[in-house]
Amino acid sequence: MSDQIKFIVDNLNKEPFRKNYNLITFDSLEPMQLLQVLNDVLAEIDPKQVVDIREEMPEQTAKRMLSLLGILKYKPPGNATDMSTFRQGLVIGSKPVIYPVLHWLLQRTNELKKRAYLARFLIKLEVPSEFLQDETVADTNKQYEELMEAFKNLHKECEQLKTSGFSTAEIRRDIIAMEEEKDQLIKRVERLKKRVETVQNHQRMLKIARQLRVEKEREEFLAQQKQEQKNQLFHAVQRLQRVQNQLKSMRHAAADAKPESLMKRLEEEIKFNSYMVTEKFPKELESKKKELHFLQKVVSEPAMGHSDLLELESKINEINTQINQLIEKKMMRNEPIEGKLSLYRQQASIISRKKEAKAEELQEAKEKLANLEREVSVKTNQTREFDGTRVLKGDEFKRYVSKLRSKSTVFKKKHQIIAEFKAEFGLLQRTEELLKQRHENIQHQLQTVEEKKGISGYSYTQEELERVSALKTEVDEMKGRTLDDMSEMVKKLNSLVSEKKSALAPVIKELRQLRQKCQELTQECDEKKSQYDSCAAGLESNRSKLEQEVRGLREECLQEESRYHYTNCMIKNLEIQLRRATDEMKAYVSSDQQEKRKAIREQYTKNIAEQENLGKKLREKQKAVRESHGPNMKQAKMWRDFEQLMECKKQCFLKQQSQTPMGQSQIQLPFRPSSRRPYCSNCPSIILLVNQTESKVNTMCRFIIRNNCQ
């Protein structure tokens, strides 16, 4: 308990709390003060918990703290029945309850900060099922869950990036450098655009350049396709040659083969293939998988510094010391059973290694045989192309026969060795089976003894340690191979660099001389260019002055020319007017009446008299029209009324004819008692006034009305 309080006080005196407590002052805190300290620690983990305990109800304080502790996954000491006492102790500020909580919180503050931050976004809101039946609520809840999953993925990526070793300063530096390069490229493009704009037909040239680039890309693509097709053709030719060789070998084997030899050969191939499939290839595959898993683990781990490497080396040294200690303990025991088993194991490992070596040799021999057959086929094809066959004669044939004899003796020896190996392999296989049976029996006995002694699993752990040591030796061998390969690569690279340097030395000498010449020529070019620029500037200024003078003289010339044409036109107009005036004076002065009539004055006086007469006639006509306008308008109005009345009477007559029976044919016209004006009973709304002094037209209208209305 004292260690716990000391740890709490030490952490509260540090950043960010700075409480300045000691063991006595902290132990003498009142319950409210202790709760306030706990609340301050919770507020450091979750900023939402910044509350003054004195201004809050105890129930609310306990509820808030319990909910946050539940989010932080704090498990109170004791059983589930002690939860009520834990809540009561948290409400009253009991020291036995608050001290463990403070100790737990201060031990893992950073981890709890992260958990509290994630809890704000990852605690799922429970929506009742009856509300989820609504489509909008269900869609919103689904969107909420998708956003939560997206937040999880983004947070994982952020954490991986934080631990991956990438520094933001380097990324910013790269971004700044890339932006500078971008600005430089933009400036270069603008400069090139300005240069190109001065060239004639630059748009056409740009279009042609664009087409050229497209065609070059297409040419590269076609070249790549051509190379791919060549590779495919090469692979197809190789496959064809391989199949032809197999066909030849099968024909050759079937030509002089017996069923027994074929069966033996097939059995040997089956045994070899079964060994390769069941033993060698699975081991190689497993080793490759382990290597791949190891490399993936190395790649997935963040970038390690010098301190991390030192820690790993220290761990490896510790594990090596432990392994050596266990090996020494094992050797100190010197159990006879283990010694016998170790001998058998050594023999089995030696046999398996021999077997693997022979299988590899056989595989290499098969590959060599295939390569030689391929070369033979190529050579035979070449000889067929040259149309010549080589026949061995004399000494060459004797040498060939002697080589065949030596090879036959070697073959017999090898065949005898193989037979011995087969016999030995049969014996070793039988001994291996017997040893496996003994090993199983001994293992069973060993397990029973271990169970009796209370140390079950000891042998399994021993085997695991041996396996780990074997793996370590393999890893060390791999490291040594990689270091050797790297050293060889470094030597090769150094030799290549030295060769390149020696090859480039004369070229560099020539390049230095050419650079000196280039510098001299550039200096001369700069001098000539400065002279040319100064001369061009003087000529340009003179040319601009002369152009201004020429422009001014051209404008004056144009003005004078326009003035000249204007005066010529005015002179011609005045001459025409003068000619007309002289002709008019001649016609007016002459005694001939016809010429006088042709004069303009006479024509104008005649036209004026005609227009005056026409005006008098029009005025008289206007006066007559004004006098007759009123009666004519009245008469026209009467005619319109008459037409309307006749149309109405016609309609009334037709209506009456359709309504009256067949016996009645006359209609009585009633008269008003107060006046003598007739009206129609069928159309009382329309009345025509008839005067005795009206014209004949009016009397005729009255007659027609009377006859129609009767």
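## A walk along the helices

Start by selecting Asn11, which sits in helix H1, covering residues 2-13. (Helices are DSSP runs of H or I with at least four residues, strands are E runs of at least two, and numbering starts at the N terminus.) What you have open is a predicted model, where local features need pLDDT of at least 70 and side-chain atom pairs count only at pLDDT 80 or more, while totals for chains, interfaces and linings use all residues. Residues are numbered from 1 along each chain as its sequence is written, and side-chain values use heavy atoms, leaving out hydrogens and water.

Stay on Asn11 for a moment. Its relative accessible area is 16%, so Asn11 is buried; buried means under 20%, exposed over 50%, and partly exposed in between, with a 1.4 Å probe and protein chains only. Show its neighbours too: leaving aside residues up to four places away in sequence, Asn11 touches Phe17 and Leu106, where a contact means heavy atoms within 4.5 Å.

Now pick Arg18, in the loop between H1 and helix H2 (23-27). Arg18 isn't a glycine, yet its phi is positive, at about 55°. With a relative accessible area of 56%, Arg18 is exposed. Hop over to Asn20, found in the loop between H1 and H2 as well. Asn20 also has a positive phi, near 60°, without being a glycine, and its relative accessible area of 67% makes it exposed.

Next, select Glu111 and Arg115. They form a salt bridge, with the closest N and O atoms 3.1 Å apart. (That term means a side-chain nitrogen of Lys or Arg within 4 Å of a carboxyl oxygen of Asp or Glu.) The two are 4 residues apart in helix H7, so about one helical turn separates them.

Move on to Val127, in the loop between helix H7 (109-122) and helix H8 (129-132). Together with Phe131 and Leu132, Val127 forms a nonpolar surface patch with about 230 Å² of accessible area. Patches take residues with over 30% relative accessible area and no salt bridge, joining like charges within 9 Å and nonpolar side chains (Val, Leu, Ile, Met, Phe, Trp, Tyr) within 5 Å. Accessible areas come from the Shrake-Rupley method with a 1.4 Å probe, and for residues only the protein chains shown count as cover.

**A positive patch**

Arg195 belongs to helix H10, residues 168-197.

In helix H12 (residues 259-300), Glu286 and Lys290 are 4 residues apart, so they are separated by about one helical turn. Their side chains meet in a salt bridge at 3.8 Å, N to O.

Finish in helix H16 (residues 458-589), where Glu547 and Arg543 are 4 residues apart, again about one helical turn. Their salt bridge spans 2.6 Å, N to O.

**Zoom out**

How many helices and strands does the protein chain have? There are 19 helices and 0 strands. Buried residues make up 12% of the 710 residues.
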